[in-house]
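Welcome! Here is a short tour for anyone meeting this protein for the first time. Take a look at the chain below, and then we will walk through it topic by topic.

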Amino acid sequence: MLFTDKAILGPWIAQRCNAVFTPDNSSTLGWVKNGKITAGVWYEDYNQVSVTTHIAIEEPLTRKYLNVIFDYPFEQLGVKNIIAPVISDNVLSIDFVKKLGFEEKARLLDVFPTGDLLFFVMTKDKCKYIGERYGKRRISPTTT
């Protein structure tokens with residue numbers, strides 16, 4: 001079930017991404033199964049061309065959820081790029097965003113105590129999660 005309460009989801013995602021949630025410029029989309037949050041996506045710094053995202057998962061993602069988390073920025077916000085920053089020592093996250101189809105586009109060397117900051121980018125034309133295969137129905141996050 002889709003869940004959009006950013007007051008709950010934001011801190012949940014931030015804790016798992018070692019980040020600080022900033023609700024004023026953010027939206028969230030979470031997935032709840034059996035009353036438990038199993039995945040969450042936090043979007044921030046939307047600028048009409050791109051948006052930054054942070055993704056936290058505890059169970060495999062459903063096709064419906066994959067469609068929603070990519071439909072929202074590409075179709076509803078109309079961005080060309082989704083940017084996913086990942087610290088270089090987070091091998092699981094690097095593998096995950098690559099599996100989703102993000103490509104490494106930039107690297108800031110030695111900006112974290114544990115390594116570099118990598119910037120992965122997904123463009124709309126390379127996103128396989130929007131369109132008929134993953135579903136057409138659009139669900140918008142609320143701004144609560």
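Let's begin with a hairpin: strands E6 and E7 form one, with two residues between them. Please keep in mind that this is a predicted model.

**The hairpin**
- E6 covers residues 103-112, and six bridges join this strand to E7.
- The two strands, E6 and E7, run antiparallel.
- Across the pair, Phe112 of the chain stands opposite Gly115 in E7.

**The nonpolar cores**
- The largest nonpolar core has 30 residues, and those touching the most other members are Tyr65, Ile69, Phe70, Phe74, Ile82, Phe102 and Phe120.
- Several elements each supply at least two residues of this core: strands E2 (26-33), E3 (36-44), E4 (50-57), E5 (81-87) and E7 (115-123), together with helices H2 (63-77) and H3 (91-100).
- Which element gives the largest share of this core? That is H2, with seven residues.
- As a general background, nonpolar side chains in soluble globular proteins tend to be buried together.

**A threonine in E4**
- Thr52 is found in strand E4.
- Is Thr52 buried or exposed? Its relative accessible area is 15%, and buried means under 20%, so Thr52 is buried.
- Not counting residues up to four places away in sequence, Thr52 touches Trp42, Tyr43, Glu44, Asp45, Ile83 and Pro85.

**The largest pocket**
- The largest pocket has a volume of about 580 Å³.
- Its lining is made up of 23 residues, and Cys17, Pro85, Val86, Asn90 and Ser93 lie nearest the centre of the pocket.
- Two or more lining residues come from each of these elements: helix H1 (6-17), E4, E5, H3 and E7.
- E4 provides the largest share of the lining, six residues.
- What classes of residue make up the lining of the largest pocket? There are 15 nonpolar, six polar and two charged residues.

Definitions and conventions
Residues numbered from 1 in each chain as written. Predicted model: local features only at pLDDT ≥ 70, side-chain atom pairs only at ≥ 80, totals over all residues. Heavy atoms only, no water. Core = buried A, V, L, I, M, F, W, Y, C linked by side-chain atoms within 4.5 Å. Buried < 20%, exposed > 50% of the residue type's maximum accessible area, 1.4 Å probe, protein only. Helix = DSSP H or I, 4+ residues; strand = E, 2+ residues; numbered from the N terminus. Contact = heavy atoms within 4.5 Å. 1 Å grid on protein atoms, 1.4 Å probe; cavity = no way out; pocket = protein on both sides within 12 Å on 5 of 7 lines; lining within 4 Å. Points joined across faces, edges and corners; volume = space filled by probe spheres on them. Nonpolar A, V, L, I, M, F, W, Y, C, P; charged D, E, K, R; others polar. Pairing = 2+ DSSP bridges.
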